[in-house]
Amino acid sequence: MNKNDLKQEICRKIDQLAPLLYQLADFLAKNPEISGKEIKAVNYLQKILKQFNFDFTPILTGKYSTAFIAVKGNTHNKKIGFLTEYDALPDIGHACGHNLISMMSIGAAIAFNQLTDKIAQTIVFGCPAEETVGAKIDIAESGFFDDVDAALIIHPDDKTSIGGTSYASHPLQVNFIGKEAHIADPVYHGINALDALVDFYTKLKQLQNTFTEPNLIGTIITEGGIAPNIIPAKATLRSTIRALNSDYLENTMLVQIKQLANDIAKKHNAKVELYHYEPLYKDLRSDMRLNEYYKHNFNLLGEKYSIFPDDYADGSTDVGNVSHVTRTCQPTICIGKDIFAHTAEFACAANSAFGKEQAIKGAKAMAMTAIDILFE
């Protein structure tokens, strides 16, 4: 069977799987679970994958109770990965459309395996906690993607798009530690941690102007003292620090920011504590050939799409860490107009008839892209 015939057949397979995939999306939407607690979701995914004779194995059990790989097929040719996500947001449920991500990836993986079981290996990666600590970071660092030819995923959005990148992100907390004292005590003098923090905040803005590559720095002060008549002994700032290049973020921006914090602490006779309260999300390095496959396959499906320039980014994702290990990209598919992720409106769209119809189309595009990789 040639490539075009295989693509037509794989689309028919996904149409046959549609009732099961709709039920999957509905189940996840009706049973939203926050990051790291996705027990019902994983049990449901396991049931489906075992129904199609995938070998299901929990991974990284020391840190995650809901991470897994599910494998089926011949190992002597291509190994194609399909990335699932299934955590929801507190209070508003699947407002990032992870129920549809699982629907698309599971549908594409099962259909791909049904046609290629003897000539390729299909690997479903169960990736919890995308909204918080990003399990794909640990999965990548543990070597699970090392021998995979490509890892595929599509994200729901208010538009269908191909290309672009993501910001590398490594949030940093800065604690200045001073010495408490009554503000009017003429003998026992304190060390004002808040003064040190405000000085750091001001000079951080100045430092940011010297960085030569695209970046973002967002800051909040989470602690600045307990009473106005007590010299603050502790002041805390949290910052999200982002750049379009992981190396620039780690080796230029953060080095200089941490040095600035130490210099400010010394100037104020205070101490400083620095730690990353979230892991490093690396920049997304979209594979250009995969992007071309998606363009062609969206065209075959009659799906109109936008193309983003290579340096366009509007967020951060742990798919970026995957892209530093194996080929990947993250196109989006439209599930509604003028909706924005992490809102109640987006959660409604992710459980709408149109959203699920579009997810079927996304599963087809993903599966056809896997066929393209098979024929490389």
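Let's start with Asp91, which counts as exposed at 86% relative accessibility. By exposed I mean over 50% relative accessible area, by buried under 20%, and by partly exposed in between, with a 1.4 Å probe and protein chains only.

Before going on, a word on where this comes from. It's a predicted model, where local features need pLDDT of at least 70, side-chain atom pairs count only at pLDDT 80 or more, and totals for chains, interfaces and linings use all residues. Residues are numbered from 1 along each chain as its sequence is written, and side-chain values use heavy atoms, with hydrogens and water left out.

Back to Asp91. You'll find Asp91 in the loop between strand S3 (78–85) and helix H3 (98–116). Those labels are DSSP runs numbered from the N terminus: helices are H or I with at least four residues, strands are E with at least two. Asp91 isn't a glycine, yet its phi is positive, about 75 degrees. Most residues other than glycine have a negative phi. Asn53 is another non-glycine with a positive phi, about 65 degrees. Asn53 sits in the loop between helix H2 (39–51) and S1, and it is exposed too, with a relative accessible area of 59%.

Now the open sheet. In what order do its five strands run? The order is S1-S2-S4-S3-S5, with mixed pairing. Strand S1 (55–58) and strand S5 (150–152) are at the edges with a single partner strand each, so one side of each has no neighbour in the sheet. Neighbouring strands here are turned by 20 degrees against each other on average, ignoring direction; the axes are lines fitted to C-alpha atoms, for helices over the stretch in contact, and angles run from 0 to 180 degrees between N-to-C directions. Inside the sheet, strand S2 (residues 68–73) and strand S4 (residues 120–127) run antiparallel, joined by six bridges. Strands count as paired if DSSP finds at least two bridges between them. If you want a landmark, Phe68 is opposite Gly126 in S4.

Next, helix H6. How does the span of helix H6 compare with what its 22 residues should give? Helix H6 covers residues 246–267 and should span 32 Å at 1.5 Å a residue, and its end C-alpha atoms are 30 Å apart, which agrees. The expected span is 1.5 Å times one less than the number of residues. H6 does bend, by about 35 degrees at Leu254; that's the angle between axes fitted to the seven residues ending there and the seven starting there. After H6 comes Asn269, with a positive phi near 60 degrees. The buried residues of H6 include Ser246, Leu254 and Ile264. Among the elements that the buried residues of H6 pack against are strand S9 (172–177), helix H5 (193–208) and strand S13 (234–243).

S9 deserves a look of its own. Five of its six residues are buried, so S9 is largely enclosed by the rest of the structure. S9 runs antiparallel to S13, with six bridges joining them, and it also pairs with S14 in the antiparallel sense over five bridges. Phe176 faces a residue on each: Phe176 is opposite Ala235 in S13 and opposite Val272 in S14.

Is Asp283 buried or exposed? At 5% relative accessibility, it counts as buried. Asp283 lies in the loop between S14 and helix H7 (288–300). The side chains of Asp283 and Ser246 make a polar contact of 2.5 Å. A polar contact is a pair of N or O atoms within 3.5 Å; within protein, one must be able to donate a hydrogen and the other to accept it, and residues adjacent in sequence count only if both atoms are side-chain atoms. Leaving aside neighbours within four places in sequence, Asp283 is also in contact (heavy atoms within 4.5 Å) with residues including Thr165, Asn245 and His324.

Last stop: Glu376, in the segment after helix H10 (353–374). In H10, 18 of the 22 residues are buried, so that helix is largely enclosed by the rest of the structure. Glu376 itself is partly exposed, at 35% relative accessible area. Its side chain makes a polar contact of 3.2 Å with that of Arg289. Glu376 also touches Lys78, and those two are 298 residues apart in sequence but 9.6 Å apart in space, C-alpha to C-alpha.
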